[in-house]
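Subject: Structure handover and notes

Hi,

Here is the structure I promised to pass on.

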Amino acid sequence: MLLPHYLGLLESSEKQLTEAFEHVARKHKDEPDIEQMCQKLAAWSREHHGRVQGFVAKYSEEASSEPGDLKRDLFAEKRSGSLALLRDLHDLWLLTQEVQLCWIVIRQAALGLRDEELKACHAFCNPRTKRQEQWLLTRIKQAAPQTLLVATA
Amino acid sequence: MSETRDSIADIWGARTGYEGQWPVRVDERLEAEPDHWVQSACVLCSNGCGVDIGVKDGHIVGVRGRAVDRVNHGRLGPKGLHAWVANHSPDRLTKPLIRRNGKLEEASWDEAMSLIVQKSKELVEKHTASSIGFYTSGQLFLEEYYALGVLGKAGLGTPHMDGNTRLCTATAAAALKVSFGADGQPGSYTDLDTTEAIMLIGHNMASQQTVLWTRVLDRLAGPNPPKLVVIDPRTTYTAEKATVHLTPRVGTNVPLMNGLLNLIIEAGHINPTYIKAHTQGFDELKQIVAKWTPERVEQLTGVPAAKLREAAHILGTCNTLVSTALQGVYQSMQATAAAVQVNNLHLLRGLIGHPGSGIYQMNGQPTSQNTRECGADGDLPAFRNWGNEDHIQELADLWNVHRDKIPHWAPPTHAMQIWRYCETGSIKMLWISGTNPLVSLPELDRARRILAKDDLFVVVQDAFPTETTKYADVVLPAAIWGEKTGCFTNVDRTVHISHKAVDPPGEARSDFEIFVDYSRRMDFRDQDGNPLLSSTWRSTEDAFNAWRECTRGRPCDYTGMSYAKLSEGSGIQWPCNEQYPNGKERLYEDGVFATAIDYCETYGHDLETGAAHTHDDYKLIDPKGKAFLKGVDYEPPHEVPDEQYPLWLTTGRVVYHFHTRTKTGRSRALHEAAPDGFVQLATEDAARFGIAEGDMVEVESRRGKVLEPARVGGIEPGLVFIPFHYGYWDQADRPRAANELTLTEWDPVSKQPHYKYAAVRIRKAHA
C-alpha cells in the first residue's frame with residue numbers, strides 16, 4: 001500500500017506550510033496584518049500537521065522519505081524590498097496548493113478504505129486550508145497593483 | 001447672552017417623562033438676538049439634531065433646537081449649544097499656506113492649487129494615480145464626499161480613498177453588510193419611544209449622543225420604563241442608569257455575546273418561525289455559542305454567571321428591543337464578529353423591522369454615513385459591490401467613463417493600508433481633508449514619522465491649525481458648517497439640509513468648491529471629452545441631484561428628495577422614492593434583506609481571516625434575501641498585560657468634547673468644563689502604585705508614554721482609561737495624547753484599528 005507515501009507527503013507539506021507562515025510573519029512584521037494573520041494561519045497548519053501525524057503512524061512503520069522539499073526553492077533568502085511581500089505570499093499560496101492536492105489524493109484513498117477517522121480529519125483540515133488560500137489570494141490581489149505599478153524595488 | 005439651561009452643569013436638561021410621543025422641549029443658547037434664523041442640523045455627533053442657526057449682522061450668534069425635527073424634538077446637548085462659537089475663532093485658517101524653505105507661508109489660491117495640480121500630474125505621469133491617496137473625514141457634507149468620490153474614482157482612478165471613518169464606523173458598516181447584505185441601519189429613533197428594553201454595548205450614549213440619551217432618560221422617567229442592559233468595563237453615566245451592568249474584561253466581547261446568545265437559545269427564547277423563514281446559518285451559530293456556558297463566560301470575561309443570566313433574561317423575554325453598539329465593540333478585538341452578534345440577537349428573536357425594535361450599529365461622526373454612502377471611503381457609491389461587474393458598469397454609465405477607469409480590481413484600500421503605503425513610499429501624495437490624524441491615529445509617533453517623510457507630499461484641508469497642518473506642504477483653508485450649504489445623514493438614516501448662514505472667514509472655501517476646482521484644473525474629462533464635474537456641477541444642489549441619480553434603486557435611495565423638500569420639513573429618512581415619498585421608517589419590515597446576489601453590497605468575508613468571498617463563492621450560498629447568522633469563537637487580544645506592562649489601557653470620550661477638540665476646544669465653556677486629559681484608575685490600582693487623586697502619572701506602553709493627572713475610581717481593577725481628545729495644539733508642555741500608547745493593528749474584516757486595548761505600566765511622576 002502506497003498510502004503512507006502520500007501521508008508522508010501531506011505531513012511534510014503541512015510542516016513546511018507551518019514554517020513558511022511563521023517565516024513570513026517574522027520577516028514582514030512591519031505589516032501588522034501580515035504578522036498577525038500569518039501567525040494565526042501557522043497555528044492552523046501546526047494543528048493539521050499534528051492530526052496527520054496520527055495517520056502516518058497508523059499506516060506506516062516509518063514515515064516516507066519521499067517529501068520533496070518544495071520550500072528549498074521557495075522563499076529565496078535574499079529576497080527584499082517591495083516585491084518580497086508579494087513573492088512570499090505567492091509562495092505561501094503555492095504551498096497551500098500542495099497541501100490541498102495531497103488531501104484530494106488521500107481523501108480518495110480514505111473513501112476506498114472506509115476510514116471514517118481519516119475522512120473526518122480531511123473534513124476538518126481541508127476547509128481551513130482553503131480558507132488559508134482565500135486569505136492569501138485576497139491579500140495578493142490587494143498588494144499586486146501597488147507593488148507592480150508604483151513601488152520601486 | 002441667554003440660554004434655556006446651563007448645559008455644562010445640566011448636561012441632559014429637565015425630564016419630560018413619556019411613553020409613545022416624545023414631548024417637545026426647545027433648547028436654545030444665544031449671545032445676541034438674531035435678525036434671522038437659518039435651517040440646519042448639528043454636526044457635533046452622529047445624532048443629527050435639527051437646529052436653527054441664529055444670525056445677526058452676518059455673524060452666528062446662537063442656536064436653537066428645531067421643535068418639528070423628528071430626531072431631537074427641539075433639544076440640544078452641550079456640544080451643540082456651545083461649539084458653534086468655534087466658527088468665529090480668531091485662529092481660523094483664512095489663507096492658503098505653502099511650505100517654502102521649510103516654513104508654511106501664505107499664498108494665493110491659484111499658487112496653492114497650481115502646486116497641487118503640478119505635483120499630481122507629475123506623479124500620475126511617473127507612477128500612475130496609485131501614487132496618490134485621499135484621507136477624508138466624517139465631517140464634510142454629502143455633496144462634498146460625492147465630488148471627492150467621483151474625482152478620485154472616475155477622474156484620477158486611484159483605489160486609495162478612505163477616511164477617519166475607518167477609525168470610528170467601519171465596523172458598523174461591516175457588521176451590517178455581514179448580516180444584512182448592505183450598509184444601512186434597520187431601525188428608527190422612534191423605536192426608543194415604545195421599546196421594552198435597550199441594550200448598549202460598548203456605547204456610552206450619555207456622553208456620546210447626549211440628546212438621544214435624553215430620550216432614554218425621559219422614557220426612564222415615564223410610565224413603563226424600558227429595562228437597560230449596559231455592557232461596559234467602566235461605570236459611565238450610561239452604566240449608572242442600567243438595570244443590569246456587565247463589566248467584561250477588555251477584549252472579551254465575543255465570548256460575552258456568545259454566552260448571552262447561548263442562554264437565550266437554551267431557554268427557548270428564540271423565534272423559530274422567523275429564523276426559518278428569514279435567516280440562514282442557525283445550526284452553525286448554535287454550535288459555536290453552545291460552548292459558552294455562563295460559567296465559562298464568567299471565567300474568561302469576569303462577568304458573574306448570575307448577572308449574565310439576568311441580562312439574558314431581559315434580552316430573551318422583552319417583546320421589543322433596541323440595541324446599540326459603538327467603539328467599545330468596534331475598536332476592540334474581534335470587532336466585526338462581536339458587532340454581528342448584536343445583529344444575531346435580533347434575528348434570533350425576530351426583533352427587527354417593527355416598531356420598538358431596532359439595531360444601531362452606531363456611527364460616531366455626524367456625516368460618516370455619507371462618507372460610506374458616497375464612495376469617499378473604502379466603499380463604492382450607493383452601497384455598490386466592488387466585486388460585482390454590473391455595479392461597476394452602472395457607475396461607469398453614470399459618470400460616462402470606461403469601467404476600468406474605476407479601480408475595482410481589489411477592495412478599495414483601507415486607511416491603515418494607505419498610511420502603510422505612505423510609510424513604504426509608494427503613496428507619494430496624501431490629501432487629508434477635515435480630520436486630524438496626528439491626534440486620532442494609533443501609535444502617533446509612527447504617524448508623525450510618516451507625515452514628516454521628505455518623499456510624501458502632504459495636502460491638508462481644514463478650518464483650523466491642527467497638529468496635522470504643521471506637517472503639511474500645502475494647507476487649504478476650509479469653510480465649515482454654517483458657512484456652506486449641503487446635506488448629511490444621521491445614524492437612523494435621517495437626511496437633513498444645512499443651509500449657509502454666514503460667509504466663511506477670509507479666503508476660506510468650502511470643500512466642495514476645492515474639489516470641483518481641483519477637478520477642473522486637472523482637466524478630468526468623461527469619454528465624450530466633457531469636463532467631469534465642473535461642466536455640470538455649479539452648485540451643491542447640482543451635486544445633490546447627481547447623487548440622487550446614483551442612488552436610484554439602491555438601498556439608500558434618495559430619489560424622492562430635493563433641496564426644496566428637505567428645506568420644507570425637518571429631516572427625511574432614506575429610502576425616499578416614489579414608493580416611500582416621505583421616507584421609510586424601518587428597513588426589513590418584510591424580513592427580506594439586501595442579500596440577493598445582484599443587489600448585495602458585498603459577497604462577504606471570512607469573519608476570522610477577512611478573506612474576501614467571490615461572486616462564484618456567493619452563488620453557492622445566495623440567500624436570496626435571507627439574513628446571515630454568523631458566529632466565531634473567541635480569540636485573545638494580540639497584546640496582553642505581562643510583568644513589564646501589567647495593566648490594560650482603554651481609551652474613550654468625555655461628554656464635553658468631540659474628536660480632537662478642533663471645535664469644542666475653541667469654545668471657552670466646553671474647554672473649561674474639561675480642560676485637560678487624565679488617567680482614570682481603580683482604587684485598588686491607585687493604592688498598589690502609591691497614586692493619589694490629582695497626582696501626575698506616567699503611563700507607558702511599548703510605543704510611547706504620556707503624563708496625565710490621576711482620577712481614582714469608577715473603573716475595573718487592572719484597567720486604566722485615558723480620553724482620546726487631547727493633543728498638542730493648545731498645550732504642548734507634556735506628552736498627553738492617548739494615541740501615543742495605542743497599537744497599529746486592525747480588525748481583519750472592517751480594518752478598524754484596535755484602540756480599546758494595549759498593555760501599559762504606570763508610575764507616579766516626580767516633578
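A definition to begin with: two strands are said to pair if DSSP finds at least two bridges between them. Helices (H or I, at least four residues) and strands (E, at least two) are DSSP runs, numbered from the N terminus. By that rule, β25(B) and strand β28 (residues 758-764) of chain B pair in the antiparallel sense over four bridges.

Some housekeeping: this is a predicted model, where local features need pLDDT of at least 70 and side-chain atom pairs count only at pLDDT 80 or more, while totals for chains, interfaces and linings use all residues. Residues are numbered from 1 along each chain as its sequence is written, and chains are lettered from A and ligands numbered from 1 in the order in which they are written.

**Around β25(B)**

In β28(B), B:R763 is the bridge partner of B:E698. Strand β25 (residues 696-700) of chain B is also joined by five bridges to β26 (residues 705-712) of chain B, and these two run antiparallel. They form a hairpin with four residues between them, and B:M696 stands opposite B:P709 in β26(B).

A residue is buried if 20 or more other C-beta atoms lie within 10 Å of its own, exposed if 12 or fewer, and partly exposed in between, with C-beta atoms placed from the backbone. In a regular strand the side chains alternate between the two faces of the sheet.

**A strand covered on both faces**

Strand β14 (residues 321-325) of chain B has five of its five residues buried, so it is largely enclosed by the rest of the structure. B:L321, B:S323 and B:A325 lie on one side, with B:V322 and B:T324 on the other. Its pairing with strand β10 (residues 197-201) of chain B is parallel, over five bridges, and B:M199 has B:S323 as its bridge partner. Strand β15 (residues 358-361) of chain B also runs parallel to β14(B), joined by four bridges; here B:S323 stands opposite B:I359.

**The seven-stranded sheet**

Chain B also holds an open sheet of seven strands, in the order β7-β6-β18-β17-β16-β8-β9, with mixed pairing. Its edge strands, each pairing on one side only, are β7 (103-106) and β9 (161-163) of chain B. Within the sheet, β6 (residues 97-100) and β18 (residues 474-477) of chain B pair in the antiparallel sense over two bridges, and B:L97 stands opposite B:V475.

**Helix α9(B) and the cores**

Which helix of 14 residues reaches 20 Å from its first C-alpha to its last? That is α9 (residues 253-266) of chain B, and its reach is close to the 20 Å expected at 1.5 Å a residue (the expected span is 1.5 Å times one less than the number of residues). Twelve of the 14 residues of α9(B) are buried, so it is largely enclosed by the rest of the structure. Just after this helix, B:G268 takes a positive phi of about 75 degrees.

One of the buried residues of α9(B) is B:L260. Leaving out residues up to four places away in sequence, B:L260 touches B:L308, B:A311, B:A312 and B:L315 (contact means C-beta atoms, placed from the backbone, within 7 Å). The largest nonpolar core has 230 residues, and B:L260 is among the members that touch the most others, along with B:A147, B:L151, B:L315, B:V699 and B:V720. A nonpolar core is a set of buried Ala, Val, Leu, Ile, Met, Phe, Trp, Tyr and Cys residues joined through C-beta atoms within 7 Å. A second, separate core of 33 residues includes A:V24, A:W44, A:F75 and A:L136.

**Chain A and the interface**

Chain A has five helices and zero strands, and 39% of its 153 residues count as buried. Where the chains meet, 17 residues of chain A are in contact with 21 residues of chain B. On the chain A side, α2 (32-59) and α5 (116-150) of chain A each give two or more residues, and the largest share, ten residues, comes from α5(A).

Happy to talk any of this through.

Best wishes

Terms used:
Contact = placed C-beta atoms within 7 Å.
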